[in-house]
Amino acid sequence: MNHVPLIHILILSTALFFIGMYGLLTRRNMITMLMSVELILNSVNINFVAFNVYLYPQKLTGIFFTLFIIAIAAAEAAVAIAIIINLYRNFHSIDVEAADEMKF
Amino acid sequence: MSASAVVFYILSVLILASALLAVTSGKIFRSAIWLLFSLTGIAGLYFWLGMDFVAAVQIIVYVGGIVVLIIFSIFLTQQSGKDLPAPVRARVLYSALAACLGFLLTCVLLRQFPFRQALIPDYDFAPDMSVRNIGIQLLSTKEHGYVLPFEVISLLLLAAMIGCIVLAIKTKPGDR
C-alpha cells in the first residue's frame, strides 16, 4: 500500500467523476442519470477516504463524512425513484424530454 | 512495483472500465449490472485502503440497497430487454469533449497542488479504526464528536422515507 502516491488515487476519483458527468450529460433516461449521480457521489467518497488515510491518519473525519454522504445518497436515491415511478405513472415514459409540464 | 500497488491498479482499471460501460451501455439492465461491478470495485478500494467499516457500509448500502432499488425501478418502468434510444451524436461528442477537458484540467491542477506530507501513509501511526472506536466517536457529545450530524442525518432519512411514501402512493382516480 505504501508505494502508491496519493495523486494516483485522486486521478482515479477524478476520472470516475468525469465518467459520471459524461453519463449525466449524454443520457436522457432518468434511471441512468441517477446511476451517473451515484458514480459522482462515489468519486467524492474515494477522495474523502484517501485524504483521511494519507494526510490525516490520526483522525476519523473522512470516515464520518463518507458515512454521511452514503446515507444522503441512499435517501436521495429513494426519493428520486419515488419521483420516477410517479412520473412514469403520469407520462408513461421516464425520458426527461417527455416530462415537460409541471402541473397536470 | 509491489504487490499492493498491482492490486490498486487492477482495482482502478476494474472501477473505471465498469463505470464507463455503465454510462455507455445500450441496455439499461446491463448498465445497472456494470454499476454494481463498479461499486463493488470501490468497496474493494476501501478494503485496500484499510477502511474495513466503510467498505462494509459501501457493500451493504450501495450494492445491497441502491442497486437493488434501481433494478426494481427498471422492472417497474420499462422493458429491460429493449435497447435505449441512442443519444444524439453531437451531444455525445460535446459531452465527451467537456468531460475530457475537465479531466485534464483537474489533473493539471492536482499536479500543481503541493500536498502537505510526503504522500506516503505512515502505517505505524494508524489510528484505531475499529467499529467500536467509530461508534463511540460518532455518538460522542464531546469535542470531535459527531452526534449532531448523526441526528440530522436520521431526521433526513425519516423525512425521505415519509416523502417517498407520499410521492409513490397511488391516488384513486376520483381524488384529484
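Start where the two chains meet: select the contact, which takes 63 residues from chain A and 74 residues from chain B. Two residues are in contact if their C-beta atoms, placed from the backbone, lie within 7 Å. This is a predicted model, in which local features need pLDDT of at least 70 and side-chain atom pairs count only at pLDDT 80 or more, while totals for chains, interfaces and linings use all residues. Residues are numbered from 1 along each chain as its sequence is written, with chains lettered from A and ligands numbered from 1 in the order in which they are written.

Stay on the chain A side. Color α1 (6-26), α2 (30-54) and α3 (61-91) of chain A, the elements that give two or more residues to the side touching chain B. Helices are DSSP runs (H or I, at least four residues) and strands are too (E, at least two), numbered from the N terminus. Which element gives the most to this side? That's α3(A), with 21 residues.

Now show chain A by itself. You'll find three helices and zero strands. Its radius of gyration is 17 Å, well over the 13 Å that the globule rule gives for 104 residues, so chain A is more spread out than a compact globule. (The radius is taken over C-alpha atoms, and the rule is 2.2 Å times the number of residues to the power 0.38.) Along its principal axes, the C-alpha trace spans about 55 × 25 × 20 Å.

Next stop: α1(B). Select F8(B), S12(B), I15(B), S18(B), A19(B), A22(B) and V23(B), the buried residues of this helix. Buried means that 20 or more other C-beta atoms lie within 10 Å of the residue's own; exposed means 12 or fewer, and partly exposed is in between, with C-beta atoms placed from the backbone.

Finish at the largest nonpolar core, which has 60 residues. Such a core is a set of buried Ala, Val, Leu, Ile, Met, Phe, Trp, Tyr and Cys residues joined through C-beta atoms within 7 Å. The largest share, 12 residues, comes from α2(A). Select I31(A), V49(A) and Y46(B), which have the most contacts inside the core. Zoom in on I31(A): leaving aside neighbours within four places in sequence, its contacts include I84(A), I28(B) and I70(B).
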